[in-house]
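Student: I have a two-chain model open and would like to talk it through. Could we take it piece by piece?

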Amino acid sequence: MALRQSPLAETHATRGAKTTDFGGWEMPVEFDSIRDEHEAVRSAAGRFDVSHMGQLLVSGPDAAELTDRLVSNDVRGLARGKACYAAITDDEGVMLDDTVVYHLPEAWLEGTHLVIPNAGHDAEMADRWREYRDEWELDATVENRTDDVAMIALQGPDSLGLLASETDADPEELDFFEATVAEVAGVESLVANTGYTGEPGVEILCSRTEAETVWESLDCQPCGLGARDTLRLEMGFLLSGQDFDPAEHPRTPFETDIGFAVDLDSEFVGRDALASATDPVERLQGVRLTERGVPREGYPVTTPGGDSLGTITSGTMSPTLGEGIGLAYLPADTEPGTAVAVEIRGEGKEAVTSATPFLDR
Amino acid sequence: MSFDTPDDLRYLDTHEWVRVTDGTARIGISDFAQDELGDVVFVDLPGEGEEIAAGDSFGVVESIKAVSDLYAPVSGTVTAVNDDLESAPELLNEDPYGEGWLLAVDLADESELDDLLDADAYGDQIA
């Protein structure tokens, strides 16, 4: 099947991007060097094309109720212009995806709520929203606008200053997880104070046809999915399909350690199962190598003596720390700083468990 | 993009190079290989005195995004290892044919060189 293309695909090709298949999309993995891109975001600013993220617009009188009942956090309580992070769980409380839900600041593309599933999950989640709408006989329309909407993340300590010269909004005024409709380089956009790097920044959504105008106006390092991955891993942020997956790693939000995004006072699919699962046996934790090496997906984590503890789900060499870091499901009562080993090509490498984020933030 | 393929080297189709001087073969990875890998962060190499065999894996090179096996272009006994790579693996990216060399080996069988690609043939392969 042909890969889905970002509206910026040609722009990236001209810029010399290497691309990869990510959730059915052909997206830039690297423009110059993952390390350079990573460092630009930590020290200045970087721009990411994240048009592979899904965009579901939900509208109608029951838009809030429908969305509220399908995600783990409180959507009905969101004021206009506010957003929340949430898990999308099945009846058993197993995470199907994670998402950000916006109560849109004013009618933007005729929706009141915007749900952002991960790459390749947009059609599945649109179906899920419609099926439950019908089952619950709610009055809401669900539009999958993923192919019409571009999404650009601008991240880094200099990003808000850089954006200020291109927009009529005051990005410094936006609270964390707050969004506003504003012009960016003359293009009507949704500008949200959100991101996946741990740095200040925004995510900008606009029409596919105007993506290039917005992208070109943001004069900073273009960054690919490679740097996006190292940046999110340093923060311990989850990657859907990698750190959890209903088939490969069926895990609850308490196991993935995002209990903060579960509101058990909210009635949602999976809520009852989760109410009795708040104390999981295993929990996703950080692992830091104290000798040279790079933890990678699938590597066993053991006690220093070699007894099995778990498996790395994501790992990399942290460009900021200069050491190997990873995430693994380990016994939930493991204290940060516990000595463990990561088995790399048959050899146990010394490591310690770590609280996340790995960076001091 | 075009990649540097110095004429005085022989190449393996898996992107390792060998340079022979007075019976000693120095081994590394090509400019193309370092570009494909991206930022190299770790190299795992055999120690001095160990044997490597042509065509067999003798170590790994890891970039931020990938792990890649290293294959021996020739057989021989390791006489030197580039220790600088332990603290500065990025030398593989910066100077793959110079300071980013991996190993020196005492060449076991000079005729193995005939099985390798010359710069033109290797250049065609990566074109």
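Student: Which residue in β6(B) stands opposite Asp44(B)?

Tutor: Happy to start there, with a word on the ground rules: this is a predicted model, where local features need pLDDT of at least 70, side-chain atom pairs count only at pLDDT 80 or more, and totals for chains, interfaces and linings use all residues. Residues are numbered from 1 along each chain as its sequence is written, while chains are lettered from A and ligands numbered from 1 in the order in which they are written. Strands are DSSP runs of E with at least two residues, helices are runs of H or I with at least four, and both are numbered from the N terminus. β4(B) pairs in the antiparallel sense with β6 of chain B, residues 57-63, over 4 bridges, and in β6(B) the residue opposite Asp44(B) is Val60(B).

Student: What is the order of the strands in the open sheet of 3 strands in chain B?

Tutor: Two strands pair if DSSP finds at least two bridges between them. The edge strands, each pairing on one side only, are β4 (40-44) and β7 (67-71) of chain B. The pairing in this open sheet is antiparallel, and the order is β4-β6-β7.

Student: Chain B also has an open sheet of 6 strands; which are its edge strands?

Tutor: The order there is β1-β2-β3-β9-β8-β5, with antiparallel pairing. Within that sheet, 4 bridges join β3(B), residues 24-29, to β9(B), residues 103-107, and Arg26(B) stands opposite Ala104(B). Pairing on one side only is what marks the edge strands, β1 (10-11) and β5 (51-52) of chain B.

Student: Over in chain A, why is β17(A) largely enclosed by the rest of the structure?

Tutor: Call a residue buried if 20 or more other C-beta atoms lie within 10 Å of its own, exposed if 12 or fewer, and partly exposed in between, with C-beta atoms placed from the backbone. β17(A) covers residues 308-318, and it is largely enclosed because the buried ones number 9 of the 11.

Student: In the hairpin of β17(A) and β18(A), which residue in the turn has a positive phi of about 70°?

Tutor: β17(A) and β18(A), residues 323-331, run antiparallel and are joined by 6 bridges. One of the bridge pairs is Ser314(A) with Leu327(A). The hairpin leaves 4 residues between the strands, and the turn residue with that phi is Gly322(A).

Student: What is the handedness of the crossing of α2(A) and α7(A)?

Tutor: Take axes as lines fitted to C-alpha atoms over the stretch in contact, with angles from 0 to 180 degrees between N-to-C directions. The axes of α2(A), residues 34-43, and α7(A), residues 225-235, come within 8 Å and cross at roughly 55°. A crossing is left-handed if the near helix is turned anticlockwise from the far one by less than a right angle, and right-handed if clockwise. For α2(A) and α7(A) the crossing is right-handed.

Student: How many residues of α2(A) are buried?

Tutor: Among the buried residues of α2(A) are Ile34(A), His38(A) and Val41(A). Counting two residues as in contact if their C-beta atoms, placed from the backbone, lie within 7 Å, the buried residues of α2(A) pack against elements including β3 (25-30), β10 (149-155) and α7 of chain A. The helix is mostly covered, and the number buried out of its 10 residues is 7.
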